[in-house]
Structures are given as C-alpha cells and as structure tokens.
Amino acid sequence: MDQEPILSVQHLNVKFSLRGKVLHAIRDVSLDLFKGETLAIVGESGSGKSVLTKTFMGLLDANGWIDSGSIFYNGHDLAQYKTEKEWLTIRGKEIAMVLQDPMTSLNPLKTIGAQIEEALKLHQNLTGPAAHRAVIDILTDVGITEPERRSKQYPHEFSGGMRQRVVIAIAMACKPQILICDEPTTALDVTIQAQILHLIRNLVHKYNLTTVYITHDLGVVANVADRVAVMYAGDIVEIGTSREVFYDAKHPYTWALLSSLPQLGVKGEKLFSIQGTPPNLFLEIKGDAFAPRNPHALKIDFEKRPPLFSVSPTHSARTWLLHPDAPKVEPPPVLKRLVQEVSL
Amino acid sequence: MSEQKTPLLSVRDLKVDFGTRRHPFHAVKGVSFDIFPGETFGLVGESGSGKTTIGRAIIRIYETAGGEVVFKGQKINGKISKELDHEITRKIQMIFQDPMASLNERAKVDYIVSEGLYNSHKGISKEQRQEMVHQALLDVGLLPEFASRFPHEFSGGQRQRIGIARALIMQPEFIVADEPISALDVSIRAQVLNLLADLQQKRGLTYLFISHDLSVMRFICDRIAVIHKGLLMELADTETLFRHPLHAYTQALLSAVPVPSPDLKQEQPPLSYDESIHDYSVDPPVWCEIEPGHFVRGNQKELEAFREVLREKPE
C-alpha cells in the first residue's frame, strides 16, 4: 500500500491514574490508517483496543491522558487537542463511532428522528424540512423500512438489530471520513450480526469510508477486514493484511489466539488454551509483554522489548523470533487447518 | 447410539408461560427432548427463543404451564414432595452466564462455594466443610488459598471457575450451563471449555449446554437442539446437524456464523428465515423423527421433502 495514510499514530502512550496508581494502557503504539481500508483491531479485554480508538476522538475518560506521541489527521495533531471546541471539529464530522450496546447508546426519551436530526443540526446546520428529508434518506440508507413512521418512534419500539441500525445512521449522518465500530455486533444474535456486518460493508463501499473495527471475534474479523492489528497489553504485536495474519502469523500471541478458536478444536481432545493471565499494566513491563505466557519465549524476551520486524511491506510483528539469530520456531501445526478446511 | 440407554432427563411437551393468566405470553410452547447420561446436550437459539427459560424450568426456577420434566424416572416439575425437591436441588446444578454478576460481591469465596452445603449437608463440621471447599477449588484449577478472598480479586475466567466449583461441591449429576463462556475472552474461553470437558470425563457429568455460539456448540456438544420462538425446529447429532441441516431456520442460523478464515468470507448476505414460507393453515406441523436420532419440525408435505433430501444425501 503506497497510499498516504488518512490517520497516522506515532509512538502513542496513554496512561490512566487509578486509585493513586498509574496504569500504562497504550505503550508506544504506531499505526497508519489508509484511506478506504477496513482495519480490524483484535485483542483480549484490557488490551487497550478501545482506549486506542477513543484517543482519536478525544473520548478518554477524565482520569486518562495522552502521555506522549502524536495522532496526525489532515495535518493536525489530535494529541494536542485540549478543548471541546477543538474536538467538535473532528468528532462526528470527521470520525464517527458505533458503540457496542445499542440499548444504552441511544437516548430513550427522544424519538429516533430527533436524535438523528440533532447530529445533522450540529454538524451540517440542517434544520426544519431539509433536516427531516435528510433523516428519511439516512434511515432508508441503513435499511429501515417505513422511515417516515419509524422516525417518529422511540428507541424502545425498536429491536436490538434495528437499534444498531439507528446508531449507525447517526454515525453516518455527518458523512464522516472514518467510522470506528467498537464491537458493533457483540450484543447481537448471529443472524442479526450477519445483517449488520453486511450493512456496514455496503455503506463502506458506497461512501468509500475508512473503517476501524474493534472486536475479539476472529470470525467477524476474517469477514470484514482488509488489514488486522493484534493488540496485547497495550501494544500492537502484529499487523498485516488479513490473509497474512490468519494464514502466516508470526507472533506467538497471534498463534495462541488463533489456535484457541473452537473451530480448530477436535472433539474429545483438549482445545488449545493460553496459560496464565495478561500482565498487570500498573507495573512496568520489561521485554515482551507476552513472554511469561509464551512457550517459545527466548531469554531476550524477558529483557528487551522486541522491535517491529518487517515480514513483507504490509506485514510486521514485534517478536524476537523474527530476528535472524533466533532459533527457528514453527507455528502450531493446527493453524494449517485454517487454510484448508475450516468450515463454520 | 442412544436407543438402548434410558434418558437421565426427559422433557415432554414442556410449556412455560409468563404474564398474567388472562394475557399469557407463551415462552415455551411444547418442547420435547431426552438427555442421556454422560452426554452434552446443546440448546441453541437466538435471544428470546426460550432456551434459558427451558433450562430454568428444569431446575424449578420457573413454574411450568404444562408438560413433564422427568429426572431419573421421577417427575420433577409441578407439585413434588419436599424430599424430592431437596434431592434434585442437589443433583441438578446450574452455571450462569456472567461471572461478574452471579457471585455475591460481599461474600468470600469460601462462603460462595460452600453456601449450598449449609442446606443440604446440615450435619457436617466446619473442618469437613472447609475440606470440601478446598477440594472443589482444586478440582476447578484454583488454589485452596483463594477461599479467603473476595470475588473482585479474580479475573473473569477465575470467577467462572468459582461458579463451577460452587456447582461441583454439591456433587451433581446434571449441570445446566447457561451460556457459561459467552462473557469470557477468547483465550479464557478455551480454558473453561477444557475444564468442563475434563470434569465431565472424570465425574461422568451430564450437561445441558445453552448457548447462541454455534462454533463453541460444535466443539463441545454431542447432540444439538435448535429452538426458535419457544419451539424446537430440529434436533440431531452435532455433525449431522452441521452437515445436513433440514429445517430452513437451522440453515439460516448456520449460514450466519462467520468463518474465521479470510478466503472463505461470505460476500452475500446470509440466508434469512421467513416464517411465512410455512403454510400450516390446513396441515399443522408435527415433531417427527425423520431418521434415527434426527428430529425435525414440519407438516406432512415438508417432511416428505426432507425425506427426499435424506434419500439423496451422499453417504
């Protein structure tokens, strides 16, 4: 990909202060997001995937701050933004977000139409009949039938899937450049999930959106993503096109994550599971954060943070195993089955 | 595989209603299945389909509106004797979905795990009780020291283990696992699944596994029943169900599951299930065993079509 990145994160560090202690949530992350691509960020809960994208919109909780690093968007460094006024030029207008739970992200006291209009008024100065027409258009766009009638209804009159469509409609109302979907389908049933993913995919094509998916469901990732970034303990440990990450993973954590897919399990045998627990981010992490849980860990893994080794122009991983002097370690054989025969 | 065996638990035409008598909501509309000793029986469906309701009706949390639940030859729903009630409370245990919400925040692990013993093992000494707690914690892969801690000190996976220990200490024969891993992370999920399988092998436990995650179901269940709006649509051996789903709803459900392999991505929208394809006005549907061990719901015309499919099925 020789395109210009639309958003570029450089050496970002995010910290939180919690009960008098400092939690290092994002540890020196660099990431380029290219125009029109769909990037999926995967990782366990607490790996910092949500925190990372929240910094793009200035939505960190009050006890969190960007310690160092920069986020370039359109020539501006978002990491320097301080006031709400500055953020309002980005939030919703340029970068919009779809959150996990459609039950809680809508206002129960306002009609759907009013909630979409609110966004239109704030960012596009549309009011009255023009705004109403825009609302109907957007609702039609996200596949809500009878938009005229539905726009006058309240969130409780909508099912979970329909509510998520409304949330997407609000996010799309201001024609953003980047759409961040934070676990958009985790709270939904599989059948509804498939519909919503299909809808987002169509919108992405139609408006040439750049999308960031945050999820821990590798099935969803394989279906939507052009590129995949794997996060562990506040760091991106591997990034590449989705074929590279699924079929030719290099980092032991990615191996572990893929091997624990129940689809790869053989009935009656043990499913692969990662031993131990993620590191405590209150403590300073020395070396590779995954080393204590990594059966292939080298001595250096406990001492020095591995650099990002590049495997191909689009694929790189942060593991000492890619160092020319490192012993050859083969990925777990079970991963070959991902290529061959995973059905369902 | 199962003809000779007698079922451990039999559900016959089970009905559960909510709401008032005048305006009842039929959550479960007549469901029948058998669960055999030592197997893992899966119940899969979307939210609101009634899968949790069935699980809860079995352990007597919900009253049944009709039908029978038979456990080891005895009817256990409706009015039963106090002794039997006591016995099945011990023999049928439940594991809940959210380990964050299902543990008492103000109690220590010791009490959480042993709470059931205060009712069923009234005579035992404090030492015996502690011994049992330690053993239960060891069984689920936790350290006995953890007994003196509070739930908030544990991670999600460890909390779910505490939930399992609490069920195990009663030495149950049958466990209703209601979405036991849905709230857990991918890497922890595998640990808990392995633990459940391990315990089943060691103790000969029987599970009713309720979930909406078909990929997990395929890995852990021996047989799966698909439920939709309070009615079973199809029931078969796991592999039969995944390879040759007959009912339109099962097919739609299976087509919606995302495959974790980028080369196999689904570009088209998944099949959608439309109930209006069934014309049940003249010919009401029945629950029929269409081939040994494979049940499906349909009317005579549909069943004939299913039989046709089965005849053409490559062996």
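In helix 3 of chain B, Asp110(B), Val113(B), Ser114(B) and Leu117(B) meet Arg129(B), Met132(B), Val133(B), Ala136(B) and Leu137(B) of helix 4 of chain B, where residues are in contact if their C-beta atoms, placed from the backbone, lie within 7 Å. By class, this contact of helix 3 with helix 4 in chain B holds six nonpolar, one polar and two charged residues, with Ala, Val, Leu, Ile, Met, Phe, Trp, Tyr, Cys and Pro counted as nonpolar, Asp, Glu, Lys and Arg as charged, and the others, Gly among them, as polar. The model is a predicted one, in which local features need pLDDT of at least 70 and side-chain atom pairs count only at pLDDT 80 or more, while totals for chains, interfaces and linings use all residues. Residues are numbered from 1 along each chain as its sequence is written, and chains are lettered from A and ligands numbered from 1 in the order in which they are written.

The axes of helix 3 (residues 109–120) and helix 4 (residues 126–139) of chain B come within 10 Å and cross at roughly 115°; axes are lines fitted to C-alpha atoms, for helices over the stretch in contact, and angles run from 0 to 180 degrees between N-to-C directions. That makes helix 3 of chain B roughly perpendicular to helix 4 of chain B, a term for angles of 65 to 115 degrees. Helices (H or I, at least four residues) and strands (E, at least two) are DSSP runs, numbered from the N terminus.

Chain A has a helix pair to set beside this one. The axes of its helix 3 (residues 112–124) and helix 4 (residues 128–141) come within 9 Å and cross at roughly 115°, and these two helices of chain A are therefore roughly perpendicular to each other. By class, their contact has six nonpolar, one polar and two charged residues.

Chain B also holds an open sheet of eight strands, in the order 6-7-8-3-9-10-12-11, with mixed pairing; two strands pair if DSSP finds at least two bridges between them. Strand 6 (92–95) and strand 11 (286–291) of chain B stand at the edges, each with a single partner strand, so one side of each is left without a neighbour in the sheet. Five bridges join strand 11 of chain B to strand 12 (residues 294–298) of chain B, and these two run antiparallel.

Between the chains, 36 residues of chain A are in contact with 32 residues of chain B. Helix 7 of chain A gives the most to the side of chain A that touches chain B, with six residues.

Conventions:
Parallel < 35°, antiparallel > 145°, perpendicular 65-115°, else oblique. Contact = placed C-beta atoms within 7 Å.
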